[in-house]
Amino acid sequence: MTQPATTRSDRLTSMLPPVPPAPQPAQLTWLGCDLRTGRIAEELPALTPTGSLSRRLGAYTSAAFTLALAGAPAAWEAATDPGRTMLVALADEIPVWAGIVLTRSGGSAGTVQLGVATPEAYLDRRYARDHTWTQQDETSVIAAGLIGDTALDGIGLTIDAPAAGRVRDRAYRGADDATVLSRLQELMGVDGGPEWTIDVRWHSDTTRLELIARVRQRIGVQSASPAAVFTHPGDVAAYELFESYEAGRGATVVQARGEGEGDSRASSSETVAADLIASGWPRYEYRWTPGTAITSKNILDSHAQAALALLRPGARVWSVDAVATQAPRLGRDWQIGDNIRLQVLTSPRHPAGVDMAGRAWGWDWDPRADRISPILAEE
């Protein structure tokens, strides 16, 4: 039987590279786990976030969920018990987000509503104890010691805080009623202070998950050539550069204030961006109290120096709205703290394009809308 002649079009088609398969969304799995042990209580396929999931360095975020009772497993109540459980999101089996269940409401409706906060919120429910540290490492001793104040009847945090090689003096009093969260945020806020976050990962026995309190000089991977590249037009549907010199977002003179009143009040020296003022910038002053019970001028000076470094250029934050199925994958290609590259080929704001690298200080992810939004800060 005579075969049909091969056309020129057929030959050209056979020479072309194969069409890549359409990108697929991450396989999202929700687990309800015991908060203290990380043991998996139930898989929750009927669980749906009502908005975006989010994370921020050195802070906690909140989220809301709906659980459809018609599709819930028999032990759904034990898997979502407020105060005793956490929800964990797996993206292609990689743990990328965890949240402590704090509220649950339901009745005659066929759904239950859950209010959840990321594990950093637990540090705001525990109080720092008495400590006196003299010339001790800021990560392996001071930060780790503060997190250690949550160990008694806590949530089983594994502390990952290798020595940074930077020593500090710190004295804390339990009577000041300062939470562990506030103390860690104060420490992070000094000049060169350590960064921290709480991650979730599989435990070695793979039957449970564990929460890791990570402390580093800088969280994440800071590469001059970031592996994760977001592109507009392309996987980035929209982006925005927010610039501000409003109060609290820009300043050329900074002063940190501590405890006391009047002339007896502890205070840093005025920290001045002399080069900016000399070049014609006005004097914009900013005063604030970085934490409770700070009386050391050296500590206040360090807070002021860190604040001026952030405030002198004003705020420049890039918000990216990317299609999650097309963009670099969260948990696989990048995570919080990493350097990320944003490549804008052209846009009304940047007609000649722009190529910048910034740190992912946080992210928002809306699985239902197929959107991932790293929040990039220029440094």
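The structure is a predicted model, in which local features require pLDDT of at least 70 and side-chain atom pairs count only at pLDDT 80 or more, while totals for chains, interfaces and linings use all residues. Residues are numbered from 1 along each chain as its sequence is written, and side-chain values use heavy atoms, with hydrogens and water left out. Helices (H or I, at least four residues) and strands (E, at least two) are DSSP runs numbered from the N terminus.

Two packed helices are described by the angle between their axes and the distance between the axes. For helix 3 and helix 4 the angle is about 160° and the axes are 9 Å apart; axes are lines fitted to C-alpha atoms, for helices over the stretch in contact, and angles run from 0 to 180 degrees between N-to-C directions. Contact, defined as heavy atoms within 4.5 Å, brings Glu 138, Ile 142, Ala 143, Leu 146 and Ile 147 of helix 3 against Val 180, Arg 183, Leu 184 and Leu 187 of helix 4. By class, this contact comprises 7 nonpolar, no polar and 2 charged residues, where Ala, Val, Leu, Ile, Met, Phe, Trp, Tyr, Cys and Pro count as nonpolar, Asp, Glu, Lys and Arg as charged, and the others, Gly among them, as polar.

Helix 3 is largely enclosed by the rest of the structure, because 8 of its 11 residues are buried; buried denotes under 20% relative accessible area, exposed over 50%, and partly exposed the range in between (1.4 Å probe, protein chains only). The buried set consists of Glu 138, Thr 139, Ile 142, Ala 143, Ala 144, Gly 145, Leu 146 and Ile 147. Their cover includes strand 9 (131-137), strand 10, strand 11, helix 4 and strand 13. Helix 4 (residues 180-188) is likewise mostly covered, with 7 of its 9 residues buried. Its buried residues are Val 180, Leu 181, Arg 183, Leu 184, Glu 186, Leu 187 and Met 188, and they pack against helix 3 (138-148), strand 11 (167-172), strand 12 (195-202), helix 6 and strand 21 (354-366).

Helix 6 (residues 297-311) lies across strand 16, strand 17 and strand 18, running at about 150° to strand 16. An open sheet of 3 strands has the order 17-16-18, with mixed pairing. Strand 17 (271-272) and strand 18 (285-288) form the edges, each with a single partner strand, so one side of each has no neighbour in the sheet. Strands are taken to pair if DSSP finds at least two bridges between them; strand 16 (residues 253-256) and strand 17 pair in the antiparallel sense over 2 bridges, and Val 253 has Val 272 of strand 17 as its bridge partner.

Strand 5 runs antiparallel to strand 3 (residues 47-49), to which 3 bridges join it, and pairs in the antiparallel sense with strand 8 (residues 111-117) over 7 bridges. Phe 65 stands opposite Pro 49 and also opposite Leu 114 in strand 8.

Within strand 13, Ile 212 is buried, with a relative accessible area of 2%. Its C-alpha atom is separated by 6.1 Å from that of Val 200, 12 residues apart along the chain. Residues up to four places away in sequence not being counted, Ile 212 touches Thr 158, Asp 160, Thr 197, Ile 198, Asp 199 and Arg 201.

Salt bridges, in which a side-chain nitrogen of Lys or Arg lies within 4 Å of a carboxyl oxygen of Asp or Glu, number 27. Arg 216 and Asp 160 meet in one of 2.9 Å, N to O. This pair links distant parts of the chain, Arg 216 in strand 13 (residues 209-216) and Asp 160 in strand 10 (residues 158-160), 56 residues apart. Arg 216 is partly exposed at 25% relative accessible area, and Asp 160 is also partly exposed at 25%. In the salt bridge of Arg 316 with Glu 243, the closest N and O atoms are 2.5 Å apart. Arg 316 lies in strand 19 (residues 315-323) and Glu 243 in strand 15 (residues 236-244), so the pair ties together parts 73 residues apart in sequence. Arg 55, Glu 120, Asp 199 and Arg 214 are linked in a network of salt bridges.
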